[in-house]
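Biologist: I have a protein chain on my screen and would like to learn how to read it. Could you take me through it one feature at a time?

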Amino acid sequence: MNLQLIIAVLFLSFASCSKTDNDQNNTPNNSAVNQTLPPVVQKNYITENVVIIVIDGPRYTETWGDTSHQYQPRLANSLAAQGTVYTSFYNNGVTFTNPGHTAITTGNYQPIDNNGRQIPYRASIFQHWLKDSGADSSKAWIITSKDKLQILANCTERDWQNKFMPSANCGIGGNGVGSGYREDSLTFKQIENILNTHHPKLTLINFKEPDASGHRNDWNAYLNGMRNTDEYVYQIWNMIQNDAEYANKTTLFVTNDHGRHLDGHLDGFVSHGDNCSGCRHINLFAIGPDFKQGQVASMYREQRDISATVAELMHFDFPTGKGKVMDELFK
Ligand SMILES: [Zn+2]
Ligand SMILES: [Zn+2]
């Protein structure tokens, strides 16, 4: 081998080593398999905590689809400029409460029972994060007005059932399946208390409104349910930004489990659960230190993608999730 060749071989092997190092930090599977997606822009994120708020069952036509934003003034006027609003975000599974929430937490669409009698078949972001981080269960919480959402804390997946379970405070008294729906105002008090006491790093919140009032066929209460939950979202974001352990290092997602039937389809806003665009088209807003500000994103995204994006932000493996990282969010 002459000297030039030796230099060339050394150079090539050095170059391939550094390539491997970069790839390891850059989730090699995604970048290798899907050539069309840009690589994730940043690998060291500022985010240390994630909160997901699920507002139960408003229609897109009353959220971002209403350009006056009269039923969500806080999201539109106080928060939107600091985050990203999605205009094409969908539930592509069963458009009921427990299936919608299960898609968000497990990254899988599962036609799961909607009455709390069945637990997901895949481990959630909570279980994967608790395992990978080694944190104790007080650092991951599910806090919901609907008692039946306690099922999100566990799964039937082999090697995961009854393991790495997050803390849960669901329904009346926080007593879980069978206790009944709790008022959102009481859930809000629990949220304040739990965030202040435990400072969880991964939290999912559910408010039962405006779904509960929609089912009662009370249009005004349905709209009030939207205004009230909009105010809770704003207060939770302020709580986060005024807390030294959370401020400027916490990412918040605000979304829905499902929409409701369009006007003129079946009983309109009263019910939901089918394939109509009113039931499928939902709201997603994302805000946090690693995300772009003042962005309106029109690309097609879906519920499963939240879990993939949380796994990316919090650096844990989530091989069973079928969502995609929402790269467009990142600065
Ligand atoms: Zn409902
Ligand atoms: Zn429908």
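Modeller: Gladly! Let us begin with contacts: two residues are in contact if their C-beta atoms, placed from the backbone, lie within 7 Å. Among contacts in the protein chain between residues at least 6 apart in sequence, 71% join residues at least 24 apart. Please keep in mind that this is a predicted model, where local features need pLDDT of at least 70, side-chain atom pairs count only at pLDDT 80 or more, and totals for chains, interfaces and linings use all residues. Residues are numbered from 1 along each chain as its sequence is written, while chains are lettered from A and ligands numbered from 1 in the order in which they are written.

Biologist: How many helices and strands are there in the protein chain?

Modeller: Helices (H or I, at least four residues) and strands (E, at least two) are DSSP runs, numbered from the N terminus. This protein chain has 10 helices and 9 strands.

Biologist: And what share of the residues is buried?

Modeller: A residue is buried if 20 or more other C-beta atoms lie within 10 Å of its own, exposed if 12 or fewer, and partly exposed in between. Of the 331 residues here, 48% are buried.

Biologist: Which residues touch the most other members of the largest nonpolar core?

Modeller: In soluble globular proteins, nonpolar side chains tend to be buried together. A nonpolar core is a set of buried Ala, Val, Leu, Ile, Met, Phe, Trp, Tyr and Cys residues joined through C-beta atoms within 7 Å. The largest one here has 67 residues, and I52, I53, I142 and I205 touch the most other members. Strand 1 (residues 49-56) contributes 6 residues to this core, the most of any element. Leaving aside neighbours within four places in sequence, I53 is in contact with I205, V233, I236, L252 and V254.

Biologist: How do I describe two helices that pack together, such as helix 6 and helix 8?

Modeller: Two packed helices are described by the angle between their axes and the distance between the axes. Axes are lines fitted to C-alpha atoms, for helices over the stretch in contact, and angles run from 0 to 180 degrees between N-to-C directions. Here the axes of helix 6 (residues 184-198) and helix 8 (residues 219-241) come within 11 Å and cross at roughly 10 degrees. Helix 6 is therefore roughly parallel to helix 8; angles under 35 degrees count as roughly parallel, over 145 as roughly antiparallel, 65 to 115 as roughly perpendicular and the rest as oblique. On the helix 6 side, D184, F188, I191, E192 and L195 make the contact, and on the helix 8 side N228, T229, Y232, I236 and M239 do.

Biologist: How does the length of helix 8 compare with what is expected?

Modeller: The expected span of a helix is 1.5 Å times one less than its number of residues. Helix 8 has 23 residues and reaches 34 Å from its first C-alpha to its last, close to the 33 Å expected. Its buried residues include Y222, V233 and W237, and their cover includes strand 1, helix 6 and strand 5.

Biologist: Which residues have a positive phi although they are not glycines?

Modeller: D159 is one, with a phi of about 70 degrees. D159 lies in the loop between strand 3 and strand 4 (167-170), and is exposed because 8 other C-beta atoms are within 10 Å. N217 is another, at about 60 degrees. N217 sits in the loop between helix 7 and helix 8 and is partly exposed, with 13 other C-beta atoms within 10 Å.

Biologist: Where is there a cis peptide bond?

Modeller: Look between E209 and P210, where omega is about 5 degrees. P210 lies in strand 5.
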